[in-house]
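Here is a short briefing on one protein model. Look at the structure first, then read the points below.

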Amino acid sequence: MKKFLFFILLGTQLSAVAQRVNQCGYIIPPKSLKSSFQSIYEAGEFINQMLDSIKWKENFLLREQNGINNAYATIISNRRYIVYDNNFLENLDDYAGTKAASLSVLAHEMGHHYRNHVLDSRGSTPPKEIEADYFSGYVMAKMGVSLQESKAAMERIASPQASSSHPGRADRLAAIEQGWNYAKGITTSSPTKPTTGPTPTPVPTPHPAPQPTPLPAPQPQQNPPPAPNDASWIYLFLYGNNEMTVYLSDNSRDYSAVRLSPTQPFVFKYEIYKYGWMKFGTGSSAKVFRLYHGRDYAIIWSRRSNSWTVIQVP
């Protein structure tokens, strides 16, 4: 697979004798006699609808490239792109029996840009694909698409077996369902780690690509506060005499400043996953802490390290 190329990882077993596969070895849907994706302008309209549904400004461009039988997120000349084959998406819709199939594929590729997967040189990995699948399920739910339709593409053409670069069908469908459920408030599960196949650890490599638009800062809950047993909220307590500014992030890259008061807890949740990141400063040497939904944390001064630290409250 080429560097910085993330194919949509779609493949499955077909009963037909003659099977066609794309460059990554995934089965291509049969050619459709229908035509649903007319141009890049229509694809752009669908992308804008998805972006509006999650209140996120795109950090990528669309490029139509027929004949590749695929869709992928990539970087070209230091610009982020989603490259797609019109015919491939049309065939996929017809094969899955729903327009949501192609929309879920576009949402999957959006997830790669949202999670900054295209910034390293290791190509596709099961954890990256699981995160993109989770994102796809989340976006489809926000658009009002049913769970069944959100999973239609993966159910039809995802490979049942895992590989060194892609998770198996069951894990991918589970991730889509978790993202969909979370968007509907049914569960706060994060993407499931692949249960089969090797999972190489990505090593981020700096790349001069445009950075994504910062995500909205986690918002404090207004009165009345959420129930203590609501696992989608985090309680953050500051133990000190003065107010303090900390920085919170959904994606570990784009941080938003939040002012804490020692007189009341800061109650918030991260937008998509059940965890996020917090640090005390904006410098490259600032220590980063991971905070999970459904847990209480205290910020205290450590006399041993002579610095502020975060501990989980039992």
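R63 lies over the face of Y81, 4.8 Å from the ring centre. A charge counts as sitting over a ring if NZ of Lys or CZ of Arg is within 6 Å of the ring centre and within 35 degrees of the ring normal. This is a predicted model: local features need pLDDT of at least 70, side-chain atom pairs count only at pLDDT 80 or more, and totals for chains, interfaces and linings use all residues. Residues are numbered from 1 along each chain as its sequence is written, and side-chain values use heavy atoms, with hydrogens and water left out.

**Charges over rings, and V83**
- R156 lies over the face of Y95, at 4.1 Å from the ring centre.
- R63 also has V83 at 4.7 Å, C-alpha to C-alpha, although 20 residues separate them in sequence.
- V83 is in strand β4. Strands (E, at least two residues) and helices (H or I, at least four) are DSSP runs, numbered from the N terminus.
- V83 is buried, at 1% relative accessibility. Buried means under 20% relative accessible area, exposed over 50%, and partly exposed in between (1.4 Å probe, protein chains only).

**Aromatic pairs**
- Rings of Phe, Tyr and Trp (its six-membered ring) pair if their centres lie within 6.5 Å; planes under 30 degrees apart are stacked, over 60 edge-to-face, and the rest tilted.
- By this rule there are 12 aromatic pairs.
- The ring centres of F268 and Y270 are 5.4 Å apart and their planes stand at 90°, so this pair is edge-to-face.
- F268 and Y270 are both buried.
- F280 and F289 also pair edge-to-face, at 5.6 Å centre to centre and 70° between the planes.
- F280 is partly exposed at 23% relative accessible area, whereas F289 is buried at 10%.
- W56, F60, Y114 and F135 are linked into a cluster by ring pairs.

**Nonpolar cores**
- A nonpolar core is a set of buried Ala, Val, Leu, Ile, Met, Phe, Trp, Tyr and Cys residues joined through side-chain atoms within 4.5 Å.
- The largest core has 41 residues; I47, M50, W56, M110, F135 and V139 touch the most other members.
- Elements that each supply at least two residues of this core include α1 (40-54), β4 (79-84), α4 (126-142) and α7 (169-183).
- Another core, of 17 residues, lies apart from it, with L248, L260, F266 and I299 among its members.
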